[in-house]
Amino acid sequence: MSTAAAPVRSGAVLADLLPAARHRYAVDAALVLGGAALTGIAAQIAVPVPGSPVPVTGQTFAALLIGTALGARRGFLSLALYALVGMAGMPWFAEASSGWSMPSLGYVFGMLLAATVVGALARRGGDRSVLRTAGTIVLGSAIIYAIGVPYLALSTGMSLSAAVAAGLVPFLLGDALKAALAMGALPAAWKILGRRG
């Protein structure tokens, strides 16, 4: 019996490396629940931004990592669960908020779409090298802003330029740091596992 690891099939994401032959649905459910909970916990890492109703949080980083690690389907389900439970009243959006009326809810919707897109890119190897990971994370961040900033403008009555100034510009440095962390973490996880696509 050989102890060498078999290569991962093309199109795998990190979550696919978990042993789950007979219990795939239970493992998938646990991953979806865990991803939603991780996003809710990361959302509590929040720093207010002067002049903006949107704080800097860890939830965008969590959402992008969940999408890449779980893939499009599980990433979507995880962020959908996070969004639905938060809108239903669970206080796990940024700064322990919940509900439908937050001006930052558009960012949550953006995270849902971003997790799905980065998950699809991860299935194509978008998280296996530093440069590919950078592109994947930058695209995911752009999707979050593409939904979050216009929603912020509509929900607060701000002009689009004011929403960009309050809901995009102050976050660019933090997003660059998050991208750098992902650029190191995701390819390193594949390298440690000895499984490159």
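Author: Start where α5 and α6 cross: the crossing is right-handed. This is a predicted model, so read every value as computed from that prediction. Helix α6 covers residues 160-167. α5 runs over 130-156. The axes of the two helices come within 8 Å and cross at roughly 120°.

Now look at who touches whom. From α5 come Tyr 145, Val 149, Pro 150, Leu 152 and Ala 153. From α6 come Leu 160, Ala 163, Val 164 and Gly 167. Sort these residues by class. Eight are nonpolar, one is polar and none is charged.

Stay with α5 a moment. This helix also supplies at least two residues to the lining of the largest cavity. The structure holds one cavity of 30 Å³ or more. In the lining there are 22 residues, and the closest to the centre are Val 54, Pro 55, Thr 57, Thr 60 and Tyr 107. β2 (56-57), α2, α4 (105-123) and α7 (172-192) each supply at least two lining residues as well. By class, the lining has 15 nonpolar, five polar and two charged residues.

α2 leads on to another crossing. Helix α2 (residues 59-70) meets helix α1 (residues 24-43), with axes within 8 Å and a crossing of roughly 160°. That makes the pair roughly antiparallel. The crossing of α1 and α2 is right-handed. On the α1 side, the contact uses Leu 31, Gly 35, Leu 38, Thr 39, Ala 42 and Ala 43. On the α2 side, it uses Gln 59, Ala 62, Ala 63, Ile 66 and Leu 70. Eight of the contact residues are nonpolar, three are polar and none is charged.

α1 has a further partner. Its axis comes within 8 Å of the axis of helix α3 (residues 72-87), and the two cross at roughly 50°. That makes α1 oblique to α3. This crossing, too, is right-handed. Among the α1 residues in contact are Arg 24, Asp 28, Leu 31 and Gly 35. α3 brings in residues including Arg 73, Arg 74, Leu 77 and Tyr 82. Here the classes are nine nonpolar, four polar and four charged.

Key:
Residues are numbered from 1 along each chain as its sequence is written. This is a predicted model: local features need pLDDT of at least 70, side-chain atom pairs count only at pLDDT 80 or more; totals for chains, interfaces and linings use all residues. Side-chain values use heavy atoms; hydrogens and water are left out. Axes are lines fitted to C-alpha atoms, for helices over the stretch in contact, and angles run from 0 to 180 degrees between N-to-C directions. Helices (H or I, at least four residues) and strands (E, at least two) are DSSP runs, numbered from the N terminus. Angles under 35 degrees count as roughly parallel, over 145 as roughly antiparallel, 65 to 115 as roughly perpendicular and the rest as oblique. A crossing is left-handed if the near helix is turned anticlockwise from the far one by less than a right angle, and right-handed if clockwise. Contact means heavy atoms within 4.5 Å. Ala, Val, Leu, Ile, Met, Phe, Trp, Tyr, Cys and Pro count as nonpolar, Asp, Glu, Lys and Arg as charged, and the others, Gly among them, as polar. On a 1 Å grid over the protein atoms alone, a cavity is a set of points where a 1.4 Å probe fits but cannot get out, and a pocket is an open set with protein on both sides within 12 Å along at least five of seven lines; lining residues have an atom within 4 Å of a point. Grid points are joined across faces, edges and corners, and a volume is the space filled by probe spheres set on the points.
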